[in-house]
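Visitor: I am new to this structure and would like a short tour. Could the sequence and model be shown before we begin?
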Amino acid sequence: MNLLRSATLLRHLALTLLAGFALYLLSLELDPFRNFQLATVAAYLCATAGLTVLTGLSGQLSLGHGALMAVGAYTVALCQNTLAEHDVTGNGVLPLSLLAGVLVTMAAGFVIGLAAARLRGPYLAGVTLAVAVAVPAATVTFDELFNSEQGLGVYVEPPPLSLGPYFPNERWQAWIALLGALLTMLLLANLVRGRFGRTLRAVRDDEVAARLSGIDVARAQVQAFVVSAAGAGLGGGLLAVLAQSVSPGAFSLTLSLFLLMAVVIGGLGSLSGAVWGALLLVALPDLAHQVSSGLVASSPAAAQRLEGNLPLLVFGLTLIVVMIAMPGGVQGLLHRVTGWARRRLPSR
Amino acid sequence: MDRFVFLTFDGLSKGAVLAAFALALVLIWRAARIVNFAQGAMAVAAAYAAYTVTTATGSYWLGLLAALVGGLLLGALVERAVMRFVDHRSPLAEVIVALGLVLVVQAALGMVYGNEFRAAAAPFSRTALEVGGVPLLSRYDLFVFGAVLLVLLGLALLFTRTGVGLRMRAAAFAPEVSRLLGVNVGGMLTLGWALASAVGALAAMLVLPTELGLHPHAMDLVFVSAFTAAVVGGLDSPPGAVVGGLSVGLILSYVSGYLGSDVTPMAVLALLLVVLLVRPGGLFAATVARQA
Amino acid sequence: MSELLRVEGLTAGYGAAPVLHEVDLSVPAGTIAAVLGANGAGKTTLLRTLSGLVRPSAGRVLLDGRPLTGVPVEKLVHLGMAHVPEGRGVVAELTVEENLRLGGLWRRDRADANKALAEVYELFEPLAKRRRSAGHQLSGGERQMLALGRALVARPRLLLLDEPSLGLAPKVTAQIMALLKQLRDRTGLTVLLVEQNVRSALSVADTGVVLALGRVVAATGADRLRDDEELRHAYLGF
């Protein structure tokens with residue numbers, strides 16, 4: 001048993017290192033804009049992976065993960081700026097700020113989780129929806145700290161000089177974000193494979209049965225929320241670092257819905273679904289931009305309307321169709337296709 | 001003291017609208033055991049229909065009519081074309097599909113009308129009439145009370161005094177038995193969604209002139225407040241929704257009046273949490289646990 | 001005697017495995033047919049398939065010569081079929097009066113629907129005293145009366161009755177059986193009666209059908225089932 005577990009761990013570690021190396025090579029090839037997109041995918045991946053653990057594994061719905069990302073982002077922003085004001089700089093500072101962001105978000109997740117553990121279905125959705133609406137508003141109430149709608153700039157160190165004077169900043173950002181995402185995936189994959197994952201699945205599939213077999217259901221659900229919040233906090237922190245600014249507009253209810261859509265469309269059952277979701281979150285707006293600038297070149301206002309709303313429309317429609325026609329999402333579809341191919345191949 | 005009186009009347013007027021919106025949520029919950037998270041977006045869509053009609057004809061009343069008819073049709077369409085096909089065994093599926101609808105409706109509105117605020121017309125003056133030197137209620141507030149009261153009475157009569165209402169209740173409580181007795185259960189469900197959506201549309205028409213105006217997201221906070229109101233009332237009880245709506249309206253009016261309007265969203269969250277954790281069955285329900 | 005209900009080769013069930021296998025049945029108008037058999041023999045499934053709640057995978061049902069294939073459940077009551085489901089199906093949240101009115105809502109002839117309602121109150125006096133009570137406040141016997149009365153408000157030609165004696169005192173069961181007999185004799189009502197309680201069912205039935213594991217193993221006169229010891233032993237276990 002122990003041998004098996006350490007084998008899984010080793011496999012995950014090897015996969016992570018392999019993926020890290022491949023992504024490193026990729027980042028060397030990509031132009032700055034694509035590297036920035038890669039970094040954004042990595043940042044979103046932290047959040048979607050966390051949400052997949054929560055919704056897919058423990059069956060709890062959160063419409064408030066955008067707000068949790070905001071918590072991480074604002075914490076990182078405040079840490080970075082305060083440290084910079086006190087002349088504490090250097091490349092060790094950013095990991096510290098990100099860690100602070102993760103910890104504060106975990107604390108927020110713990111509080112929401114406490115409430116969530118007592119709520120089910122639409123009630124939980126309603127509460128997290130209220131969180132998603134309330135958190136951006138809080139930045140206005142405490143405007144001395146958060147500077148209201150304008151938001152805060154985030155001080156971020158330039159790439160270290162040892163990388164050379166012309167090292168593109170975007171590649172550096174991609175490295176930071178990818179490191180965070182890979183670490184998140186590795187930790188979550190191990191967690192999901194282990195006892196924690198089994199407990200959550202048991203709770204999701206049959207709460208009463210789980211309770212009867214000695215599982216502390218409420219505890220497991222709170223833990224799921226905390227773990228999930230950690231991912232969201234890191235993702236939000238990384239987004240703040242990438243954009244070098246934070247504002248409530250970036251963490252609206254729509255972001256929360258987008259995250260949920262992303263994990264549902266990607267596939268709720270597995271962490272790989274979270275990768276698809278994160279890719280979609282970046283690719284879809286990009287695609288919408290290309291489509292709308294091609295379509296309505298005549299009227300810039302109409303083009304802007306179309307561009308801003310097309311991803312929402314596509315996301316919403318896809319979501320409804322996925323939920324009704326293929327609840328397994330992209331990952332489930334792939335699974336079915338590969339299974340089908342595997343069955344077909346030997347017979348030939 | 002004057003301010004308190006003013007805030008009280010203002011809160012009752014807001015509360016009346018929340019009550020109507022919460023009632024729409026309760027209607028669908030009773031008919032289908034679904035919390036319609038898309039209700040805010042659907043109501044805004046109906047309000048945009050009113051905006052178009054009012055702009056074209058210059059008549060507020062034709063616009064209101066358009067919103068109500070549009071609400072009816074949209075509700076029926078959503079049930080027939082989308083909700084009917086959702087797997088009802090998973091509680092997540094219904095919520096997620098409703099959220100997908102939110103995105104679709106808001107995106108469609110953004111594409112057609114743009115994402116900027118547009119003024120929502122009010123048929124009566126919103127300046128408060130003074131009684132003994134104290135500003136109390138505006139003509140518009142009176143209109144709001146009248147409209148909500150009319151809807152409440154209409155629904156009460158429909159459900160307790162007519163055959164259609166009896167069919168709708170029976171279909172919700174015991175779908176299979178109702179079919180055996182000749183009730184078109186699917187039709188009743190569609191009708192329930194249509195009615196709820198029209199009531200939601202009316203609530204949007206009443207509340208939008210008192211807020212920032214028309215915007216695809218204009219009902220987001222109203223939805224959360226109305227959800228809170230419905231939960232306060234127990235989600236299952238129409239009278240509960242009304243009392244819940246009025247209480248939430250009052251609380252939010254005081255919070256916004258004494259602490260500032262930007263605190264309102266946090267107050268809603270706090271209120272919702274308190275109600276769900278302290279009295280999970282709502283103030284009017286007999287149920288103990290909240291297992292949906 | 002003309003045939004009111006005819007079932008030909010009916011095969012039906014839930015999911016892949018059928019519960020009913022090629023069931024044939026014929027019920028003449030104005031008679032009471034008892035469907036007997038052990039638990040799990042498919043009696044309830046037979047009734048649910050007849051009223052369209054379960055879709056058959058093969059075979060068909062004819063009511064008065066008219067095939068019911070494709071007729072939606074909620075239209076069957078228009079054709080004169082009423083189904084009182086197992087567990088009685090009283091809508092617990094509605095009052096006695098509302099439950100009864102529900103039974104006749106589909107009818108165009110409001111005057112006759114109201115007349116039927118009054119007749120049901122005459123037939124079941126306890127219900128008349130409890131018009132305003134909610135369904136969940138009634139006793140088991142009252143609920144059975146309500147379910148039966150609600151079906152009668154529709155003035156059906158064919159009544160499908162699932163386990164009316166379930167959980168009732170023998171005296172109440174006897175009253176209900178007597179009532180069925182009375183309705184048959186007075187109004188020509190045809191009844192398909194599913195019962196575990198073989199004795200009381202056979203006491204009023206004209207014909208009997210025995211189901212075992214989803215197949216018809218005997219279909220004959222009720223008196224033969226009552227009197228033929230061999231048959232009784234083989235299929236009914238007493």
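Guide: We may start with C:Leu138, which lies in the loop between helix H5 (125-129) and helix H6 (140-153) of chain C; helices are DSSP runs of H or I with at least four residues, numbered from the N terminus. This is a predicted model, in which local features need pLDDT of at least 70 and side-chain atom pairs pLDDT 80 or more, while totals for chains, interfaces and linings use all residues. Residues are numbered from 1 along each chain as its sequence is written, with chains lettered from A and ligands numbered from 1 in the order in which they are written.

Visitor: Why is C:Leu138 classed as buried?
Guide: Because 21 other C-beta atoms lie within 10 Å; buried requires 20 or more, with C-beta atoms placed from the backbone.

Visitor: Which residues does C:Leu138 touch?
Guide: Leaving aside residues up to four places away in sequence, C:Leu138 touches C:Arg130, C:Ser133, C:Arg143 and C:Leu146. Contact requires C-beta atoms, placed from the backbone, within 7 Å.

Visitor: Now the chains. How many residues do chain A and chain B give to their contact?
Guide: Chain A gives 38 residues and chain B gives 42 residues. On the side of chain A, the largest share, 15 residues, comes from H5(A).

Visitor: And which elements of chain B give two or more residues to the side that touches chain C?
Guide: That contact takes 15 residues from chain B and 19 residues from chain C. The elements are helix H6 (163-173) and helix H7 (175-180) of chain B, and H6(B) provides the largest share, six residues.

Technical notes: Contact = placed C-beta atoms within 7 Å. Buried ≥ 20, exposed ≤ 12 C-beta atoms within 10 Å, placed from the backbone.
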